Amino acid sequence: MELIKNPNLPFMSWRKYGFIFSSILVIISLLLIFLKGPKLGVDFAGGALVWVKFEKHLEVSDIRNSLTKIGQEQASIQKLAGTNEFVIRSVTKVDPDKFANDVIAQLQKDFADNPLDLRAKETVEPKISAELTRNTTIGVLVALFLMGIYIWFRFDFRFGVVSVLALFHNILIVIGALILTGREFTIVIVGALLTIVGYSINDTIVLSDRVRENRKKLRGIPFVDLINASINETFSRTILTGSFVIVTLFCLLFLGGPVIADFAFTLILGLIFGTYASTFVVCALATEWETRSPQKRK
């Protein structure tokens with residue numbers, strides 16, 4: 001199936017606009033990271049999560065009034081749409097297990113005629129959360145490094161370097177968007193970020209593979225034309241694949257419930273910027289590099 005037959009778009013003549021657009025987004029993301037900082041969830045900041053289901057109808061305000069009696073009115077309370085289920089989170093450095101037990105006891109006391117079912121109780125000690133943060137950071141950096149090494153050996157050094165830069169670009173912009181929208185960083189979000197790394201590099205590999213094939217078929221043409229021809233040949237496949245995945249992710253975002261909404265939101269952003277970066281970061285940087293310092297072709 002071919003969405004657009006024989007496209008012939010001059011992508012690389014637009015690369016300077018791509019550099020400007022990417023630079024603006026990266027700068028905004030860095031400012032958000034350093035000035036505002038990510039909103040860490042229980043997994044990384046330490047604290048407790050209590051997920052309860054009541055038999056009868058209750059509102060968030062009822063739960064908050066109950067928690068006020070034990071001094072926990074600042075806890076995050078989320079009601080799952082269309083249910084009587086509530087997810088209560090609190091980032092606390094002091095005895096998360098006691099917080100969880102106090103919350104459950106107070107809710108049982110205040111709503112004695114409305115039995116609750118404990119669906120989940122999770123507590124993370126501050127020491128564990130610090131180790132998790134460190135290990136997660138190391139894991140993401142190692143994944144980026146190994147991806148770059150793989151691209152280097154499979155294609156060439158330049159594509160390896162610009163691919164890693166593109167991955168940093170994608171991750172930074174997605175983190176900036178998460179901070180801007182006030183979403184919590186949890187272990188689920190880290191899983192989404194690693195998925196973005198995998199998807200982005202897959203798109204880059206498809207494009208890089210076509211560039212390698214065309215180097216043999218289209219000997220002697222300028223590097224810019226070689227890149228443009230390769231992007232145009234994969235353009236229809238990229239749009240089709242991305243569109244189907246995005247439709248699926250939007251279904252998860254709006255129909256999957258709040259538990260996986262953040263995961264779907266992160267993947268949607270990662271998919272959009274991963275697809276964009278394959279052309280306007282990876283190919284654009286490789287073209288700029290080649291223009292300034294041409295390689296000797298065999």
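Two strands pair if DSSP finds at least two bridges between them. Helices (H or I, at least four residues) and strands (E, at least two) are themselves DSSP runs, numbered from the N terminus. With that in hand, let's look around this structure. It is a predicted model, where local features need pLDDT of at least 70, side-chain atom pairs count only at pLDDT 80 or more, and totals for chains, interfaces and linings use all residues. Residues are numbered from 1 along each chain as its sequence is written, and side-chain values use heavy atoms, with hydrogens and water left out.

**Strand E2 and its partners**

- Strand E2 covers residues 47-54, and six of its eight residues are buried (under 20% relative accessible area, with exposed over 50% and partly exposed in between; 1.4 Å probe, protein chains only).
- E2 pairs with E4 in the antiparallel sense over seven bridges, and Leu49 stands opposite Arg89 in E4.
- E2 is also joined to strand E5 (residues 116-124) by eight bridges, again antiparallel.
- Within E5, Leu118 is the bridge partner of Val52.

**A closer look at Asn84**

- You will find Asn84 in the loop between strand E3 (76-79) and strand E4 (85-91).
- Asn84 counts as buried because its relative accessibility is 17%.
- Its side chain reaches the backbone oxygen of Lys56 at 3.4 Å.
- Setting aside neighbours within four places in sequence, Asn84 is in contact (heavy atoms within 4.5 Å) with residues including Val52, Phe54, Lys56 and Lys79.

**A closer look at Ser22**

- Ser22 sits in helix H1 (residues 15-36).
- Ser22 has 7% relative accessibility, so it counts as buried.
- The side chains of Ser22 and His169 are joined by a polar contact of 3.1 Å. Such a contact is a pair of N or O atoms within 3.5 Å; within protein, one must be able to donate a hydrogen and the other to accept it, and residues adjacent in sequence count only if both atoms are side-chain atoms.
- Leaving aside neighbours within four places in sequence, Ser22 is in contact with His169, Tyr276 and Val281.

**Helices H6 and H7**

- Helix H6 (residues 157-180) packs against helix H7 (residues 187-217) at an angle of about 145°, with their axes 10 Å apart. Axes are lines fitted to C-alpha atoms, for helices over the stretch in contact, and angles run from 0 to 180 degrees between N-to-C directions.
- Among the residues that meet are Phe159 and Leu167 in H6 and Ile189 and Val211 in H7.
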